[in-house]
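Take a look at the fold shown here.

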Amino acid sequence: MSYVVPSHPAPPGAPPPGSRRGGRWSRTVRRLAAAVALATGAALAGPGAAGASAAEPAQARVAAALERVTSFGANPGGLNMYVYRPAALPANAPAVVALHGCTQSAQVYSDNAGLNTFADRHGFLVVYAETTTVNNGNKCFNWFQPGDTRRGRGEAASIRQMVAHAATAYGVDTGRVQVTGLSAGGAMTSVMLAAYPDVFAAGAVVAGIPYGCGTDVVSAFGCMSPGVDRTPAAWAQAVRDAHPGFAGPWPRVAIWHGDNDATVAPRNADELRDQWTAVHGLGQTPDRTSTIGPNSTRRSEYLAADGGASAVEVNRVPGTGHGTPVDPGSGAEQCGATGTQHFIDSVCSSYWITRFFGLDGTTTPEPPVDPPTEPAACWTANNYEHVRAGRATTTGGQVYAKGSGQHLGLYNTFVTHTLKESPAGHYVVADGSCP
């Protein structure tokens, strides 16, 4: 873990599964995946990067005591189950399923993401699912592998079984189960929300991928970067096809993504928004915008049809790369640790995720802001980077600003423009005039 820089962890679509499912892969694809993983791993072996403090590799903290659950029923995905149980867990407590990123473990995610702080404060169980190198050479959840992403199959079925076990063994309220995860764990969060919308009330996808994007290791890398642009209707249909006949209610979804993510392109946040707003029958223009946290993370909320709590929200974290945003400290809105480089000193995402899940006792929704008051954001980059970041789209070698459709020129690295975003997801050319 210590060799991974925060903005470049091992990719979630790295080597295909090991001997458990090896027969599905041709020798050519297996060699390609191994070569890509090896090359990526070599690139990761450098010193620390921005967002993690090199001076705090050994923070003074005690590792959380996780309880290993050795038998939790059917486990077709070959996963490990751990739980964090607060000392005073109430009866019928909520639960949060937490899915780590590539090269991580349940313990590392537990020690750094900050969820346990709020489990203690508000009284909920945290279920940490863990994959192994037997499943994936880089310990990534296989979010791209059909054998692991379908209802009743593989890793998805194992995680669902963990929830069932938590209900019987710990008295968890099955109506208040949520799921969250980082990177490959974020993409697997999308899988669980789509395959088991009847199990999860809400989810939070951190630096993840829309459901139904990749189907093998090669396409998975394309989903990560530059990302895949589909219509909201197409993305929504992929979710509905994961559990045909399900009529709702659909899970609420929070999306978190760093503006400078060089591993999973930020445009994935837009595609996730398109997917889940369409599932909920909502448009892609936010009903409410604001800034949150000490670093002015830009939050866009899409209210449920009844006008209550947001059905979907997007949180764009400024100046951060690929990782879980944390804010070490003892303040009410602080959490986590940066002792490993997968966790970026920024904003305590777990605080806001817990709040979005409704686990902090907050029941009164904030009043809508009309019109949105979020300040305009400006971006200066070449056309290739604008497309990669999701600020523009490309058709026939030409680039167009997302939202406004303004023509930006050829799809290359030589043409540069400044784009202004206002409201969220709507970009206009602002060369020389952006504040």
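Ser296 sits in the loop that links strand S8 (288-292) to strand S9 (297-303). Its phi is near 55°, which is a positive value in a residue other than glycine. Ser296 has 40% relative accessibility, so it counts as partly exposed. Keep in mind that this is a predicted model.

Thr103 also belongs to a loop, the one between strand S3 (95-99) and helix H2 (106-113). Phi of Thr103 is near 70°, again positive in a residue other than glycine. Is Thr103 buried or exposed? Its relative accessibility is 12%, so Thr103 counts as buried. The cut-off for buried is under 20%.

**The whole protein**

Now step back. The protein has eleven helices and 18 strands. It holds 435 residues, and 56% of them count as buried. Consider the contacts with a separation of 6 or more: 69% of them come from residues 24 or more positions apart.

**Two cis peptide bonds**

The bond from Ser225 to Pro226 is cis, with omega near 10°. Pro226 is in the loop between helix H7 (217-224) and H8. Gly248 and Pro249 are also joined by a cis peptide bond, and here omega is about 5°. Pro249 lies in the loop between H8 and strand S7 (252-258).

**Helix pairs**

Two packed helices are described by the angle between their axes and the distance between the axes. The table gives these values for two pairs.

| Helix pair | Axes come within | Crossing angle |
|---|---|---|
| H8 (residues 232-242) and H9 (residues 267-279) | 8 Å | roughly 70° |
| H3 (residues 115-122) and H10 (residues 349-356) | 8 Å | roughly 45° |

Start with H8 and H9. They cross at roughly 70°, and angles of 65 to 115 degrees count as roughly perpendicular. H8 and H9 are therefore roughly perpendicular to each other. Their crossing is right-handed. Which residues of H8 and H9 make the contact? From H8 come Pro232, Ala233, Trp235, Ala236, Ala238, Val239 and Arg240. From H9 come Glu271, Asp274, Gln275, Trp276, Ala278 and Val279. Sorted by class, the contact of H8 with H9 has nine nonpolar, one polar and three charged residues.

Now take H3 and H10. Their axes cross at roughly 45°. That makes H3 oblique to H10. The crossing of H3 and H10 is right-handed. On the H3 side, the meeting residues are Leu115, Phe118 and His122. On the H10 side, they are Ser350, Tyr351 and Thr354. By class, the contact of H3 with H10 has three nonpolar, three polar and no charged residues.

**A buried asparagine**

Asn382 has a relative accessible area of 17%, so it is buried. What lies 2.9 Å from a polar atom of the side chain of Asn382? The backbone nitrogen of Glu385 does. Leave aside residues up to four places away in sequence, and Asn382 touches Asn412, Thr413, Val415 and Thr416.

Methods: Residues numbered from 1 in each chain as written. Predicted model: local features only at pLDDT ≥ 70, side-chain atom pairs only at ≥ 80, totals over all residues. Heavy atoms only, no water. Axes fitted to C-alpha atoms, helices over the stretch in contact; angles between N-to-C directions. Helix = DSSP H or I, 4+ residues; strand = E, 2+ residues; numbered from the N terminus. Parallel < 35°, antiparallel > 145°, perpendicular 65-115°, else oblique. Left-handed = near helix turned anticlockwise from the far one by under 90°. Contact = heavy atoms within 4.5 Å. Nonpolar A, V, L, I, M, F, W, Y, C, P; charged D, E, K, R; others polar. Buried < 20%, exposed > 50% of the residue type's maximum accessible area, 1.4 Å probe, protein only. Polar contact = N/O pair within 3.5 Å; in protein donor to acceptor, adjacent residues only side chain to side chain.
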